[in-house]
Amino acid sequence: METQTSSRRTTPLDLLARRYTLSPRSLRWASTAALVMSILIVLGGGVVRVTGSGLGCPDWPTCADGSVAPTAAMGIHGIIEFTNRMLTWVLTGAVGWVIIAARLQKPRDPRVLKWAWAQFWVVVLNAVVGGVSVLTDLNPYVVAGHFLAAVLLLTAAVVTRELVHSADTVPQRSVTNLRLPQLVKVFAAANTVLLVVGTVVTGSGPHAGDSSDVHRMPVNWVGVTVVHALAAVFTLMLALKLYRTLGVEGLGRERKMVATYVGVFVGQGLIGGVQSLTNLPESLVVLHVFGSALVWVGAVRAVQAVNAICRTRTDNLNV
């Protein structure tokens with residue numbers, strides 16, 4: 001082990017860690033900041049889309065004609081798209097803070113550091129996919145991939161924050177319901193399907209992301225919207241079943257997480273229903289995008305917490 005450690009290349013973070021230590025509080029603040037910025041990135045993308053500013057900066061990585069910033073001729077659309085791009089730099093700073101804070105902990109949790117770095121690489125992925133979406137004139141499939149990449153970032157941010165904030169939380173007890181792990185997997189899969197179908201709804205709908213004629217997914221919008229609604233009902237039923245099962249198990253903390261998820265989910269469903277019946281007003285579309293981020297955050301938190309309890313049971317059985 002000592003030979004492997006000595007042969008490992010020393011990084012600047014290693015040198016910092018030898019001289020400095022950051023408090024657990026700094027890591028908690030950093031992980032929260034990265035999560036907030038990840039949500040704002042999703043929200044910013046929604047604003048860009050409904051305002052038709054997706055090609056406000058028609059080039060990437062510059063805005064246009066070699067200029068990083070938009071020109072006056074680009075108008076409000078250029079400003080909106082440029083502002084959204086600048087949010088990525090703030091996000092990168094927040095993620096960098098998480099990486100540094102995680103590395104300078106004593107003792108250091110390798111899981112937190114791994115997920116902190118995962119956030120960084122997903123930020124890079126998201127930036128590249130966003131650039132490709134501009135260079136392909138907002139191809140709806142690439143734009144959908146851009147949103148899903150943002151969701152990957154959101155996932156890594158949630159997992160990181162939960163690991164940090166639950167570091168001192170001891171699982172209440174192991175579960176007795178053998179079907180709970182399977183129920184959680186189905187719940188996670190249902191949320192994933194719901195999210196993916198939602199990108200198809202958006203990709204075939206009227207908000208193309210730009211004022212010009214942008215190609216849409218060749219899918220019947222009404223039909224896929226109905227599928228999305230049915231998937232939402234199924235997901236809600238799973239959430240209620242999970243809530244009931246956790247109550248039987250006496251897992252109060254995890255049950256509260258699912259209850260919060262259900263509350264946000266119902267609100268999201270109401271917004272989605274109203275926007276579909278009122279010709280998709282821009283303000284409601286932005287709220288629905290914001291709600292989708294909050295629903296996903298709630299789902300990841302619940303899945304992570306319940307899985308931790310299920311792993312505790314498995315560990316106890318192996319002892």
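Okay, let's start with two helices: the axes of H3 (residues 24–50) and H6 (residues 140–165) come within 9 Å and cross at roughly 160°. Axes here are lines fitted to C-alpha atoms over the stretch in contact, with angles from 0 to 180 degrees between N-to-C directions, and helices are DSSP runs of H or I, at least four residues, numbered from the N terminus. This is a predicted model, where local features need pLDDT of at least 70, side-chain atom pairs count only at pLDDT 80 or more, and totals for chains, interfaces and linings use all residues. Numbering runs from 1 along each chain as its sequence is written, and side-chain values use heavy atoms, with hydrogens and water left out.

So H3 and H6 are roughly antiparallel (that's over 145 degrees). On the H3 side, the contact (heavy atoms within 4.5 Å) includes Leu 27, Leu 35 and Ile 39; H6 brings Phe 147, Leu 153 and Leu 154, among others.

Now, which residues have the most contacts inside the largest nonpolar core? They're Leu 27, Leu 35, Leu 91 and Leu 154, in a core of 35 residues. By core I mean buried Ala, Val, Leu, Ile, Met, Phe, Trp, Tyr and Cys joined through side-chain atoms within 4.5 Å, buried being under 20% relative accessible area with a 1.4 Å probe, protein chains only. H6 gives the largest share, 9 residues.

Have a look at Leu 154: leaving aside neighbours within four places in sequence, it touches Leu 35, Ser 38, Ile 39, Ala 293, Trp 296 and Val 297. Apart from that core lies another, of 24 residues, Phe 187 and Tyr 261 among them.

Terms used: Angles under 35 degrees count as roughly parallel, over 145 as roughly antiparallel, 65 to 115 as roughly perpendicular and the rest as oblique. Buried means under 20% relative accessible area, exposed over 50%, partly exposed in between (1.4 Å probe, protein chains only).
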